[in-house]
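Reader: Got a model to go through. Can you walk me through the domains, then the ligand, then the helix packing?

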Amino acid sequence: MKSLYLSLFEECRKEYEAELARGKVDEARKYALKCAEILKTLAEKMPGRREFYLEKARRWEEAAEELKTSPPRGTQASLKGGASTDEYRAQVEGLIARSTVTWRDIGGLEDVKRLLARNVAIAFAKRPEAIKPWRGILLFGPPGTGKTLLASAAAGSLKATFFNVKASEVLSKYYGESSKLITALYELAREKAPSIVFIDEVDALSLKRESVHEATRRTLATLLSEIDGFKGGEEEFVLTLASTNTPWDLDEALLSRFPLRIYVPLPDREAIKEIVKIHTKGLDISGLDLDGIAEESVKRLYSGREIANLCNLAIHHMLEEENPELADFEVLSEGDPRKLELRIRPLEMRDFEEAFKKIKSPLTKKYVERYERWAREFGG
Ligand SMILES: Nc1ncnc2c1ncn2[C@@H]1O[C@H](COP(=O)(O)OP(=O)(O)OP(=O)(O)O)[C@@H](O)[C@H]1O
Ligand SMILES: [Mg+2]
């Protein structure tokens, strides 16, 4: 019984997205209301999850309400392509990035790297028709754990065209027009296939957030249908990689487009040692107690970003000690910095001890557990 309603809901939601993508706001509104109805029925049938479904129903009603108040201006024309899409082409071309990051620039995360590399390889390999690669891969985990880095390395390892898109930027910069940008983006990506579209901070597009605007809805609907990739054939393959540090904010519609969800966790001791080596490259670190640094970093819930910052602070501490003239503003303001030659010495533990005092992780144990729970429940 439950699954019948869930599949009804799923169908209804798809219709809703399709209508939205076509710019048929009235039709979409009807489907949004229908979705709300189905969810209310589910709430009745499942007393244990009553609140959950009622809350969802309420969101769909809000969605319908918003569609009522926002005029469907230009929606249809905007999605039909033609001249309006052309305007966005130049913008989209600007999103093509050259990545120089390699897998070796990423410390630890061996399993993650392997999983990602393998799936990207399958996506872009010559393959028999029966083999269907994932079209969407989601990277999730705490801030600063290397998600953006991983996407760049995946792109850097291939000859694929790489589009680097920050969801929040697309929404704010092209406000109200962002769905056109997405259409243009995938059009170009198909043209320049094989391509990877990387959508950073994809949670900005989530409908679970408070006060979602119709423009966001439309953008999401467009994105979802582009990921499904019904336009273009196999030879125009586009892989969408997305990243988020709040996976629980993603709604089902979005999540369902990313069946492969890769957890990018905080670094363990071994990974931390590697990250320290990466971020002190070129300096003598033989005098460091790497195990001690790793131990302290784990205790403090440091991510790769904090470790990179830690190394940088330690390096600066060493520089200041070795180059006292750097503290003299008079000398600096009058001299030519290009003539300055910095002296260095091997890094020592006390450089790191100073650095540890200044760096605090934004995470708590509870928060990390939340990622782990989500990974167990939805990851895969
Ligand atoms: N595993 C790692 N190896 C080496 N450096 C790392 C690693 N993880 C993070 N870093 C460093 O931290 C910086 C931030 O990493 P990145 O931007 O990939 O994190 P993120 O997971 O995308 O974070 P956010 O969720 O905040 O977007 C990197 O530029 C790099 O300097
Ligand atoms: Mg990032």
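Author: The chain is divided into domain 1 (2-69), domain 2 (75-266 + 374-378) and domain 3 (269-362). Those bounds come from an automatic or database domain assignment. This is a predicted model: local features need pLDDT of at least 70, side-chain atom pairs count only at pLDDT 80 or more, and totals for chains, interfaces and linings use all residues. Residues are numbered from 1 along each chain as its sequence is written, while chains are lettered from A and ligands numbered from 1 in the order in which they are written.

Reader: What separates the centres of domain 1 and domain 2?

Author: 25 Å, taken over C-alpha atoms. Their contact takes 11 residues from domain 1 and 12 residues from domain 2. Contact here means C-beta atoms, placed from the backbone, within 7 Å.

Reader: Which element gives the most on the domain 1 side?

Author: H1, with five residues. Helix H1 (2-22) and helix H3 (50-69) are the elements that give two or more residues there. Helices are DSSP runs (H or I, at least four residues), numbered from the N terminus.

Reader: Switching to ligand 1. How many residues surround it?

Author: 18, and the closest are Pro143, Gly146, Lys147, Thr148 and Gly304. A residue counts as near if its C-beta atom, placed from the backbone, lies within 6 Å.

Reader: Which elements give two or more residues to that shell?

Author: Helix H7 (147-156), helix H12 (269-279) and helix H14 (304-322). The shell draws at least three residues from each of domain 2 and domain 3.

Reader: How do the shell residues divide?

Author: Seven nonpolar, nine polar and two charged. Ala, Val, Leu, Ile, Met, Phe, Trp, Tyr, Cys and Pro count as nonpolar, Asp, Glu, Lys and Arg as charged, and the others, Gly among them, as polar.

Reader: On to packing. At what angle do H12 and H14 cross?

Author: Roughly 45 degrees, and their axes come within 9 Å. Axes are lines fitted to C-alpha atoms, for helices over the stretch in contact, and angles run from 0 to 180 degrees between N-to-C directions. H12 and H14 are therefore oblique to each other. Angles under 35 degrees count as roughly parallel, over 145 as roughly antiparallel, 65 to 115 as roughly perpendicular and the rest as oblique.

Reader: Which residues meet?

Author: Ile272, Ile275, Val276 and His279 in H12 meet Gly304, Ile307, Ala308 and Cys311 in H14. That contact has six nonpolar, two polar and no charged residues.

Reader: And what is the angle between H12 and H13?

Author: About 115 degrees, with the axes 9 Å apart; H13 is residues 290-299.

Conventions
Two residues are in contact if their C-beta atoms, placed from the backbone, lie within 7 Å.
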